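Please read them with the structure open.

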Amino acid sequence: MKNKHLVIGLGEVGRALAEVFKSDKEDMFKNIKSKEKQYDFLHIAFPFSKDFIKDTKKYIKKYQPKYTIIHSTVP
């Protein structure tokens with residue numbers, strides 16, 4: 001069984017991750033939506049902001065991944 005990956009954020013890092021994993025992707029600033037409702041791995045690759053934690057929790061709740069990996073630079 002193949003693991004299902006979802007990358008949130010399609011900047012330089014997110015696009016590279018999506019290509020490596022051949023994963024679904026979702027751009028939080030555009031209307032690109034993922035295909036599945038649940039994923040094994042959720043990759044967070046959007047820039048840090050004052051709403052970073054709230055936005056990340058929203059995606060975790062929405063997709064309920066087994067694992068969440070933060071690729072963003074955060075304080």
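1. For accessibility I take buried to mean under 20% relative accessible area, exposed over 50%, and partly exposed in between, with a 1.4 Å probe and protein chains only. The model is predicted, so that local features need pLDDT of at least 70 and side-chain atom pairs count only at pLDDT 80 or more, while totals for chains, interfaces and linings use all residues. Residues are numbered from 1 along each chain as its sequence is written, and side-chain values use heavy atoms, with hydrogens and water left out.

2. The sheet is open and has 4 strands in the order β2-β1-β3-β4, with parallel pairing; strands, like helices, are DSSP runs numbered from the N terminus (E, at least two residues, for strands; H or I, at least four, for helices), and two strands pair if DSSP finds at least two bridges between them. The edge strands, each pairing on one side only, are β2 (24-26) and β4 (67-70). Strand β1 (residues 5-8) is joined to β2 in the parallel sense by 3 bridges, and Ile-8 has Glu-26 in β2 as its bridge partner.

3. Helix α1 (residues 12-21) packs on the sheet and touches β1, β2 and β3, its direction making about 165° with that of β1. Contact here means heavy atoms within 4.5 Å; axes are lines fitted to C-alpha atoms, for helices over the stretch in contact, and angles run from 0 to 180 degrees between N-to-C directions. Helix α2 lies across β1, β2, β3 and β4, and runs at about 160° to β3.

4. The count of aromatic pairs is 5, where rings of Phe, Tyr and Trp (its six-membered ring) pair if their centres lie within 6.5 Å, and planes under 30 degrees apart count as stacked, over 60 as edge-to-face and the rest as tilted. One of these is the tilted pair of Phe-46 and Tyr-59, at 6.2 Å centre to centre and 50° between the planes. This pair links distant parts of the chain, 13 residues apart, with Phe-46 in the loop between β3 (41-44) and α2 (52-63) and Tyr-59 in helix α2. Phe-46 is buried at 3% relative accessibility, and Tyr-59 is buried with a relative accessible area of 3%.

5. Phe-48 and Phe-52 have ring centres 5.5 Å apart and planes at 40°, so this pair is tilted. Phe-48 is partly exposed at 43% relative accessibility, whereas Phe-52 is buried at 6%. Phe-46, Phe-48, Phe-52 and Tyr-59 form one aromatic cluster.
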